Amino acid sequence: MTQVRVPGRTAALARAVGSYAWRYVRSAPGTFVWLAILLFNSLLLERVSPTVAHHILERRSTNLHHLEVSPVRVLLTSALWIASGGWWFYFLLYNVFHAPAERWLGTLRWLGIALVAHIGATYISEGALYWAIQNGLAPHRAVYTLDYGVSYALAGIVAVLTYALVRPWRHVYGAGVLLFYGYGMLHARDFTSVGHFTAVLIGLACYPFTRDRPAAFDPVAAVRTAWRRVRAHGSPGRARSF
């Protein structure tokens, strides 16, 4: 049998990629532990019947009933399941928003802001639903509505990242976040969209926790740096390192 040898350059490239990937994951451990839990739970739901899946999610729903009888349990466990979009979609979003925020703020501060946004938005949105029920705008059975997922925590982190950008891009980004979630609330006009917008306001209100983390991201400078690197690697006669 002929043995196929991996060229030295390819092996070195594989080692470099593996080393970079490991450093990347270690730089935001909370983000990737969270993603791993979401992946496990998503695979679990795919392997059980729809009835069992509904029972699992119902037990972890932060609806009005559970917030009254077991608030701590559902507030924590509801953030370990994906409501929509699929795991790969959230893998992308976590790498775009959660991972940079965790590196910038530190794991404990990042997690604290995510939890505050998740919990605060849950209570405000469910409070809006309770008001709708009391005023006859929603049926009484809505106290058992399924309400779970990671989107409130994500919205809070998306918002707090406003302060990681240098001016004037900070104002452009912050206005974009408010417009995006504000339009969603006005268009949908349901308790979930209220929760998302509330989470954004909570994230923006967390500015005091970012004061000792100076804004360091300049999107224009980042694009220019990336372009210079692309041109440098593509220039003829320039040695490439692996």
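**Note on salt bridges and helix packing in a predicted model**

1. Glutamate 46 and arginine 47 form a salt bridge, with their closest N and O atoms 4.0 Å apart. A salt bridge here is a side-chain nitrogen of Lys or Arg within 4 Å of a carboxyl oxygen of Asp or Glu. Glutamate 46 and arginine 47 are both exposed, where exposed stands for over 50% relative accessible area, buried for under 20% and partly exposed for values in between (1.4 Å probe, protein chains only).

2. The model is predicted, so local features need pLDDT of at least 70 and side-chain atom pairs count only at pLDDT 80 or more, while totals for chains, interfaces and linings use all residues. Residues are numbered from 1 along each chain as its sequence is written, and side-chain values use heavy atoms, with hydrogens and water left out.

3. The salt-bridge count comes to three. One of them joins the side chains of arginine 109 and aspartate 212 at 2.7 Å, N to O. This pair links distant parts of the chain, 103 residues apart: arginine 109 lies in helix H7, and aspartate 212 in the loop between H10 and helix H11 (219–234). Helices are DSSP runs (H or I, at least four residues), numbered from the N terminus.

4. Aspartate 212 also meets the side chain of arginine 213 in a salt bridge, at 3.1 Å, N to O. Arginine 109 has a relative accessible area of 27% and is partly exposed. Aspartate 212, at 46%, counts as partly exposed, and arginine 213 is partly exposed at 24%. As background, side chains of opposite charge can pair when their charged atoms come close.

5. Helix H6 (residues 87–105) packs on helix H7 (residues 107–134) at an angle of about 125°, their axes being 6 Å apart. That makes H6 oblique to H7. Angles under 35 degrees count as roughly parallel, over 145 as roughly antiparallel, 65 to 115 as roughly perpendicular and the rest as oblique. Axes are lines fitted to C-alpha atoms, for helices over the stretch in contact, and angles run from 0 to 180 degrees between N-to-C directions.

6. On the H6 side, His98, Ala101, Glu102 and Leu105 meet Thr107, Arg109, Trp110 and Ile113 of H7. The residues of this contact divide into four nonpolar, two polar and two charged. Contact means heavy atoms within 4.5 Å.

7. Histidine 98, in helix H6, is buried with a relative accessible area of 0%. Apart from neighbours within four places in sequence, histidine 98 is in contact with Thr31, Trp34, Leu93, Trp110, Ala153, Leu154 and Ile157. Its C-alpha atom is separated by 6.2 Å from that of threonine 31, 67 residues apart along the chain.

8. Helix H8 (residues 151–160) is mostly covered, with nine of its 10 residues buried. Among the buried residues of H8 are Tyr152, Leu154, Gly156 and Val160. What covers them includes helix H2 (29–46), H6, H7, helix H9 (169–188) and helix H10 (191–205).

9. Glycine 182 is found in helix H9 and counts as buried at 12% relative accessibility. Glycine 182 and phenylalanine 197 are 15 residues apart in sequence, and their C-alpha atoms are 6.2 Å apart in space.

Technical notes. Helices (H or I, at least four residues) and strands (E, at least two) are DSSP runs, numbered from the N terminus. Ala, Val, Leu, Ile, Met, Phe, Trp, Tyr, Cys and Pro count as nonpolar, Asp, Glu, Lys and Arg as charged, and the others, Gly among them, as polar.
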